[in-house]
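Reader: Could you walk me through this model, starting with the surface and then going inwards?

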Amino acid sequence: MLDVEGFILVGGRSSRMGTDKSLMQFDGQTSVERIAAELRSITPRISLVGRGRAGFDPDLRIIPDIHEQWGALGGIHAALGACVADWALIVACDLPFVTRDLCSRLLMLSQQGSPEAVVPIQPDGRPQPLCALYRREPCLLEAEKLIASGEHTPRALLANVKTRWVRSAELIDLPGAENFFFNVNTPDDYEQAQLLLLQNPASSG
């Protein structure tokens with residue numbers, strides 16, 4: 001069994017949404033609750049990365065950002081710094097349709113070859129570093145170097161470690177694959193996510 005911990009990034013400013021994205025409700029659950037429920041089938045060790053706040057499951061440890069206002073790379077760095085497992089499974093709180101099947105597929109692919117990161121590529125061709133697996137030691141070392149140099153983007157981290165890119169064709173057979181990387185950033189996105197839940201009851205968890 002792969003030695004892995006789960007981390008949910010909750011530290012974003014939610015400026016485009018206008019309210020805390022981590023506490024958005026989806027079929028009676030917050031986005032954090034939905035994601036945590038999926039991750040628990042992979043690992044019992046799940047932490048939140050970002051500012052502590054009311055409304056979270058008290059059983060979830062909260063890891064503060066070490067480099068505040070450093071964006072996604074700062075969140076990844078904080079997760080890796082707190083991780084004691086070989087691997088960190090890192091998911092942003094605004095990806096409410098991430099599933100245990102997706103996580104299991106990433107874990108399976110991490111055991112092929114010797115990757116240091118396993119990162120899906122969305123159907124639109126963009127990488128999704130905020131629903132990905134990171135091998136703690138090499139990725140933490142590289143993240144620290146990049147932050148020290150002033151870098152803010154996960155792309156730079158993935159360019160400097162051995163990354164296993166996961167094509168969308170390698171995930172399409174999984175239930176709900178068309179919505180895995182639906183990102184809820186704005187009120188319009190949130191409204192569309194609610195419609196997706198109505199149209200696809202299986203997505204309700």
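Author: The accessible surface of the chain comes to about 9600 Å², and 51% of that belongs to carbon and sulfur atoms, with areas taken from the Shrake-Rupley method with a 1.4 Å probe. This is a predicted model, in which local features need pLDDT of at least 70 and side-chain atom pairs count only at pLDDT 80 or more, while totals for chains, interfaces and linings use all residues. Residues are numbered from 1 along each chain as its sequence is written, and side-chain values use heavy atoms, with hydrogens and water left out.

Reader: What percentage of the chain is buried?

Author: Buried residues make up 52% of the 205 residues, where buried means under 20% relative accessible area with a 1.4 Å probe, counting protein chains only.

Reader: And which residues touch the most other members of the largest nonpolar core?

Author: Among the 61 residues of that core, they are Phe 7, Ile 8, Leu 39, Ile 90, Leu 102, Leu 133 and Tyr 134; a nonpolar core is a set of buried Ala, Val, Leu, Ile, Met, Phe, Trp, Tyr and Cys residues joined through side-chain atoms within 4.5 Å. A second, separate core has eight residues, including Met 24 and Val 184.

Reader: Switching to the sheet, what is the strand order?

Author: Seven strands form an open sheet in the order β5-β4-β1-β6-β8-β7-β9, with mixed pairing; strands are DSSP runs of E with at least two residues, helices are runs of H or I with at least four, both numbered from the N terminus, and two strands pair if DSSP finds at least two bridges between them. Because β5 (61-63) and β9 (163-166) each have a single partner strand, they stand at the edges, and one side of each is left without a neighbour in the sheet.

Reader: How many bridges join β4 and β5?

Author: Strand β4 (residues 46-49) pairs with β5 in the parallel sense over three bridges, and Leu 48 has Ile 62 in β5 as its bridge partner.

Reader: Where is Val 118, and is it buried or exposed?

Author: Val 118 is found in strand β7 (residues 117-120), and it counts as buried because its relative accessibility is 0%.

Reader: What does Val 118 touch?

Author: Leaving aside residues up to four places away in sequence, the contacts (heavy atoms within 4.5 Å) of Val 118 include Trp 87, Leu 106, Leu 133 and Val 166. Val 118 and Val 166 are 48 residues apart in sequence, yet their C-alpha atoms are 7.0 Å apart in space.

Conventions: Buried < 20%, exposed > 50% of the residue type's maximum accessible area, 1.4 Å probe, protein only.
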